[in-house]
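Let's take a walk through this model, one stop at a time. Have the sequence and the 3D view open as you read.

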Amino acid sequence: MNATVAMILTLAVGTYALRLVGPALHGRVELPARVRELLSAGAVVLLVALLATGALTEGGGFAGWARPAAVLVGAVLAWRRAPFPVVVLGAAVTAGVLRAAGVA
């Protein structure tokens, strides 16, 4: 067994173990309110960081202006509680129009 297969198996076992911990400890461990607030804020920060890197970078550099504009339009539509297909189509049309106009 090479190192890659061993690492994949280790990660698979670790992932499965983490999935089992939730149901196993449900009701036995009570987190303080402050810890729950920090975990919630941390999740939001991670999602925003993922959104920013996905929207602004491509191949280690700036992705151009069409993609961030499309993400902004999609975010505004989602914030205004537009239906999901409208959000996706609005973002796609924005990116498509900007790219067709020559805005990379």
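First, some ground rules. This is a predicted model, in which local features need pLDDT of at least 70 and side-chain atom pairs count only at pLDDT 80 or more, while totals for chains, interfaces and linings use all residues. Residues are numbered from 1 along each chain as its sequence is written, and side-chain values use heavy atoms, with hydrogens and water left out.

Start with helix 2 (residues 33-56) and helix 3 (residues 66-79), which pack at an angle of about 140° with their axes 8 Å apart. Those axes are lines fitted to C-alpha atoms, for helices over the stretch in contact, and angles run from 0 to 180 degrees between N-to-C directions. Helices here are DSSP runs (H or I, at least four residues), numbered from the N terminus. The two helices are therefore oblique to each other; angles under 35 degrees would be roughly parallel, over 145 roughly antiparallel, 65 to 115 roughly perpendicular, and the rest are oblique. On the helix 2 side, Leu 51, Gly 54, Ala 55 and Leu 56 meet Arg 67, Pro 68 and Val 71 of helix 3, where contact means heavy atoms within 4.5 Å. Sorted by type, the residues of this contact come out as five nonpolar, one polar and one charged (Ala, Val, Leu, Ile, Met, Phe, Trp, Tyr, Cys and Pro are nonpolar, Asp, Glu, Lys and Arg charged, and the others, Gly among them, polar).

Stay in helix 3 for Leu 77. Leu 77 is partly exposed, at a relative accessible area of 23%; buried means under 20%, exposed over 50% and partly exposed in between (1.4 Å probe, protein chains only). Not counting residues up to four places away in sequence, Leu 77 touches Ala 82, Val 86, Val 87 and Gly 90.

Next comes the loop between helix 3 and helix 4, where you'll find Arg 81. Arg 81 isn't a glycine, yet has a positive phi of about 65°, and at 76% relative accessibility Arg 81 counts as exposed.

Is Thr 94 buried or exposed? Thr 94 is buried, because its relative accessible area is 19%. Its side chain reaches the backbone oxygen of Gly 90 at 2.7 Å. Leaving out residues up to four places away in sequence, Thr 94 touches Ala 69, Ala 70 and Val 73.

Key
A polar contact is a pair of N or O atoms within 3.5 Å; within protein, one must be able to donate a hydrogen and the other to accept it, and residues adjacent in sequence count only if both atoms are side-chain atoms.
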